[in-house]
Amino acid sequence: MSSGDSVAQVQTAQIRAAGSSPARQSAYLPGEAYDEMFAPGGATRPHYELLRHRIETLGADELEDRQETLERSFLLQGITFTVYGAESSTERIIPTDLFPRIIPATEWSVIEKGLTQRLRALNMFLADIYGDQRILMDGVIPRDLVLGAPSFRRQMQHLYVPHKAYANVCGSDLIRGTDGAFYVLEDNLRVPSGVSYMLANRDASRRTFPGTFRQAGVRPVERYPDLLLATLKSMSSEWRSNPQVVVLTPGVYNSAYYEHAYLARLMGVPLLEGRDLVVHDNMVYMRTTNGLRRVDVIYRRVDDDFIDPLSFRRDSSLGAAGLFNAYRAGNVVICNAPGTGVADDKAVYAYVPDIIRYYLGEDAILPNVETYLCREPSQLSHVLANLDKYVVKAVGASGGYGMLVGPHASAKERADFAEAIKADPCNYIAQPTIQLSTAPCLVDGAMEPRHVDLRPFILSGDKIVVTPGALTRVALKRGSLVVNSSQGGGSKDTWVLADDADVAALDEPAKSAGARP
Amino acid sequence: MMLARVADSLYWIGRYVERAEHLSRLAVVMLNANLDRTDAAAQAARIALAAVGDPDPTRSAQVLQAAHALALDKEDSGSVMISLARARENARQVRDQITTETWERLNLLYLRVTDPGVEEAFADDAAGFLQEIIADLHLFKGAADATMSHGEGWRFMLTGIYIERAQLMARLLEVCFSDAARPAANDHIALMSLLRMACALEPYLRVYTADINPRFILEFLLFDEDFPRSIRFSTERIEEHLAHLSRRLEGERADALRLAGRLNARLKYADADEVEAAGAGSLLAAVADECAAIHEAMYETFVAYPLELSLPA
């Protein structure tokens, strides 16, 4: 764990000087953002009470010990990503924070309903866009915005997708604003990653705070792998009774390789690379030691562009030639469907509330972050005039690249970016700078606030399932709002609490067990 | 049924861990011999370096450097460190096929030899460092045996282990018993070093008592039925595993099994007196060649087979 911030270091020095005193609350200074653990007056929010109590009884040394044990166990399990340098490559663990982030049942039920609604609407939108395009005829979304998006795949036009489930795995990014409400910042419908961290973090935090975990009544996330398998199987259930499911990975050099292997292992299905696949007569096979064997469902963790050199990028060797034709012929299912990216395009994002209203006749349960489209002249001039207040993002970029954070940028950076926007306004959107909520993290032995977001995972096949848990990503640098792991982000476990009734049910047998002689 | 690429990786994990263990043991014997005030060190170093194909006589004079090169040389593809790194890289590619217990043993070994403090640890106590690696490799094999299903994947890994072992033992014996090397084989110190390098000293003593006789040693390391590092033991296992792996293959595709059976029969029904009379050199060379042929045949049969054979008509 590193923190280059001088303020953080001063505080650390004070804590160290105090010896092995408990990690005290006095060092904790939440800023103006909503804090997950403490209400504005400094009182602990009720759902954090158990955890606070536990933390107070542990010394700073004890906490650091547990942090070390945790990091050691991640390294040993190989939960790492690879950092490529000039000479050699090294493997690092994604920094993982000891304290779980806790979400009470009432808040979660809103999130769950909101995400289900959103994914239902987005799947209907995709079926429509790759079908009759009613939404474009009715003028709800500008035609060129959808059909001109780089992620639109005309090859998908009029192609049958079972259950109209295009985005089988979705990982939406939610943030909590200063008002305490959750907003959707981004929908990830292509190949969202991070679910292995959700599961690995849970594994770790159960061991770090076993008593608190049991008492709190945390809803389990361990069923994710079998729910994922059921979702994938449901995609071909109409014509194959026991389909062969596989995971397709770009290979061991991909930064998310650990996750691909992890999911394949927990689902008990083969982990394939493109070179293991053979397509013959529009059938897809894998090369086994005993000849070829038919493949029915491919959970691919390879981007659209790379899955088939005949249909998409010609220079790709990560997929298999002819795969897409086999898909067209209905002999194999690719999950997520190619072309889902058009629904998480940053410009289309601005229209999601309209999309929900159009297909479902409902208002969006989870609001969007206010978004300005630079393609609209009136919005463009507003953005250019207030560049110091907004975050401007390139539509096609992701991972925290190609963006301007107005309030933190210099005048020259803003001027340069303004030129870029004017040159290609369609490629940019702007959003107000949002103070993400903060959660307590263990930084050099002391508890400090760090900004966090929330990435829950939603599965859709014959039905939509939201896993009661999430990956909480943490901006480890004090004050930073960027949580991407490629930009120095970390993660922590997320406890979704069961309803009170469930908590009581969980508590009862434990108490009686303790009372037995 | 398993992926061809996965089978290949598992096979290579077996080969690389066996190689790492053998090289570590050669280096340990060299280092321990170095403690005696005799020419034992030079003898041991000469045997070990010749067995890994480095006959440069000047190197055997500097035992510590030679051991260091065997253990930690980043350039030499035949060092313990590189072998472990490759075993682990293969394991990473088939991470979904091996159990967590097995993976963690191997990952731990890899983290140890690539640790920034590894040079210091080696300089501090080289023999101890290597002995720990050997012990950890035993833990790896134990974990694989105790936690992995003894199915196809496990058999590919073990075939890799035994093919590598048979080849390495053949090369080690060639150094001491090939027709050109015969005079050296009468040296007591050299013979003790050989037994230690084959991890065979205690089992040998149980069978032949402390009678250190070159003929007995050759017989023991070539033909013993029960000693896990004898060539005969290895070829028996290779045949056994390939018989399982080839069960569903048609006749002409079971070439690897045919070769393995032939090699095993050659050792099983060999006559010790005849070998003694004719010189062990030709038999040992044949073992190395046949192992290479089995390796090729396995690749052709299970991994890189022509697709026309298996496409539906």
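Trainee: How many salt bridges are there between chain A and chain B?
Mentor: Two, where a salt bridge is a side-chain nitrogen of Lys or Arg within 4 Å of a carboxyl oxygen of Asp or Glu. One pairs the side chains of Arg5(B) and Asp276(A), at 2.6 Å from N to O. Keep in mind that this is a predicted model: local features need pLDDT of at least 70, side-chain atom pairs count only at pLDDT 80 or more, and totals for chains, interfaces and linings use all residues. Residues are numbered from 1 along each chain as its sequence is written, chains are lettered from A and ligands numbered from 1 in written order, and side-chain values use heavy atoms, without hydrogens and water.

Trainee: And how many residues are in contact there?
Mentor: 31 residues of chain A touch 33 of chain B, counting heavy atoms within 4.5 Å as contact.

Trainee: New topic: in what order do the strands of the open three-stranded sheet in chain A come?
Mentor: The order is 9-10-11, with antiparallel pairing. Strands are DSSP runs of E, at least two residues long, numbered from the N terminus, and two of them pair if DSSP finds at least two bridges between them.

Trainee: Why is one side of strand 9 and of strand 11 left without a neighbour in the sheet?
Mentor: Strand 9 (277-280) and strand 11 (291-294) of chain A are at the edges, so each has a single partner strand.

Trainee: How many bridges join strand 9 to strand 10 in chain A?
Mentor: Four, with strand 10 covering residues 283-288. Val279(A) has Val284(A) as its bridge partner in strand 10.
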